[in-house]
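My notes follow in the order in which I looked things up.

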Amino acid sequence: MRPPFYFKNNRLFCEDIDVTTFSETVPTPFYLYSKSEIEYNCQAVWQAAKQDSSVDFMPYYALKANYNPSILKLIKAQGFGADIVSGGELYFAEKTGFPADKTVFAGVGKTKEEIREAIQKGLHSINIESGEELKIVADIARKEQNTQRIAIRINPDIEAKTHAYISTGLHKNKFGISTEQAFELYIETQKYKNIIADGIHVHIGSQISLASPFKATGEYLKTFIQRLARKNIIIKFLDLGGGIGINYDDPLTNAQAPRTFIDTILPQYLASFSGLKLKLFVELGRSIIGSAGLLVSKVLIRKHTPLKQFMVVDGAINNLIRPSLYQAHHQIVPLEKGKYNSITADIVGPVCESGDFLAKNITIEDIPAGEKIAVGSAGAYGQALASNYNLRPTISEYLVNGTEVSTIFKGRTVADIANSYTW
Ligand code: LLP
């Protein structure tokens with residue numbers, strides 16, 4: 001399939017929309033998403049699962065990556081369930097039509113109110129992160145006179161080979177519990193009449209580009225399932241987490257490069273459980289929406305010093321924190337190519353922090369004030385992590401569908417922010 005973003009006559013397009021022409025009609029910065037790319041990624045997930053006809057598979061979308069309701073509705077229409085981590089995400093999932101029995105609830109610190117709501121609504125499962133949490137869930141289920149299915153989150157102590165801040169499957173991370181502790185907990189669950197403990201949850205990290213950590217997790221889980229079976233604890237479903245990476249290197253200029261690692265990783269991960277009578281779930285965020293989004297920003301000023309060249313743009317750390325927080329590389333290109341000579345520059349925002357940058361030491365055309373750049377692979381954990389630091393408004397989001405563009409978030413203006421305060 002044609003990439004969602006590509007250059008035609010040196011101008012960046014999203015589907016059939018010329019991004020420069022569109023950018024002249026709206027304020028910058030803004031996020032722009034491709035509908036067909038979201039659908040394409042969802043279909044790649046179903047396709048990967050089909051490779052082994054014995055697999056009983058269900059994909060869930062991790063709302064944390066991007067919870068724009070228009071995007072949620074598109075993903076829901078592709079047959080995905082919802083993976084939520086808060087009452088807020090439950091509200092959005094429910095309102096965009098995800099059925100309760102296709103919603104799973106994860107998270108290391110859930111409030112009693114959130115747990116009660118999950119039980120009352122009949123969510124498919126609650127992922128348990130500690131012994132204390134198991135007791136609380138069992139207690140609330142009993143009081144609600146309801147039965148709740150759970151999966152205990154295992155921390156397999158497997159190195160995900162990703163950035164330390166987004167690695168979650170090591171014993172030093174706060175997530176899940178060791179198999180020894182989990183083993184005890186599965187035994188403990190047998191005494192709770194209102195709990196069905198027939199699932200295991202695992203999530204080893206995010207932006208993983210290799211199949212090997214997933215295959216190691218698969219082997220680890222298989223051994224654990226057999227161990228539980230010897231105690232007559234029969235596991236029926238595995239919630240395998242998310243974590244499949246995407247191309248951050250050159251998504252806007254390399255039409256040949258795979259845009260996500262769904263095709264290379266997912267079939268191998270699922271194959272670990274081939275022949276076992278298990279339902280397999282995944283909870284994917286980044287690999288569904290990451291490659292479908294672009295951040296468009298305008299150059300405000302150029303600052304050429306004897307030591308460094310800075311390109312100051314109107315998009316900043318409060319719009320996209322990933323470069324600064326995870327040393328993440330995002331490809332940045334001018335919306336119109338081939339007009340100026342290239343320089344080596346830092347692309348920085350106007351926020352009063354030295355950590356406010358979108359890229360460091362990249363080669364980019366020396367485009368003047370008023371012209372625009374695009375930041376690639378910005379669909380996941382971009383707008384979702386935005387803040388109003390320096391009292392900067394939350395920017396708008398637009399969705400492209402062929403030749404049409406629709407506003408899917410109209411931005412949160414300074415007046416909107418001001419309204420929440422007592423003056
Ligand atoms: N399931 C669980 C339990 C998770 O903690 C996460 C992500 C996912 C699923 C979805 O993972 P994905 O498929 O998106 O890799 N803000 C960071 C990423 C944080 C990921 C948190 N957990 C970033 O921008 O790289």
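**Entry 1: the ligand shell**

Helices (H or I, at least four residues) and strands (E, at least two) are DSSP runs, numbered from the N terminus. I note that this is a predicted model, in which local features need pLDDT of at least 70 and side-chain atom pairs count only at pLDDT 80 or more, while totals for chains, interfaces and linings use all residues. Residues are numbered from 1 along each chain as its sequence is written, and side-chain values use heavy atoms, with hydrogens and water left out.

**Entry 2: polar contacts and cover**

Which polar atoms lie 2.4 Å from an oxygen atom of the ligand? I found a polar side-chain atom of S206 at that distance. A polar backbone atom of G243 is 2.9 Å from an oxygen atom of the ligand. On the nitrogen side, I found an N or O atom in the side chain of Y326 at 2.7 Å from a nitrogen atom of the ligand. I then checked the area: the ligand taken alone exposes 590 Å², and the protein buries 92% of that. Accessible areas come from the Shrake-Rupley method with a 1.4 Å probe.

**Entry 3**

I traced an open sheet of three strands in the order β1-β2-β3, with antiparallel pairing. Its edge strands are β1 and β3, each of which pairs on one side only. Two strands pair if DSSP finds at least two bridges between them.

β1 (residues 5-8) and β2 (residues 11-14) are joined by four bridges, and I looked up F7, whose bridge partner in β2 is L12. These two strands form a hairpin with two residues between them, and N9 in the turn has a positive phi of about 50°.

β2 pairs with β3 (residues 17-18) over two bridges, where F13 stands opposite D18. This is again a hairpin with two residues between the strands. E15 in its turn has a positive phi of about 50°, although E15 is not a glycine.

**Entry 3: a cis bond**

Where does P29 lie? I placed P29 in the loop between α1 (19-23) and β4 (30-34). The peptide bond from T28 to P29 is cis, with omega near -10°.

**Entry 4: the partners of β13**

I followed β13 (residues 293-304) next. β13 pairs with β4 in the antiparallel sense over four bridges, and Y33 stands opposite G293 there. β13 also pairs with β18 (residues 372-375), antiparallel and over four bridges, with K372 as the bridge partner of K298. Five bridges join β13 to β14 (residues 309-313), and these run antiparallel. K303 stands opposite F310 in β14. I counted four residues between β13 and β14, which form a hairpin.

Technical notes
Polar contact = N/O pair within 3.5 Å; in protein donor to acceptor, adjacent residues only side chain to side chain.
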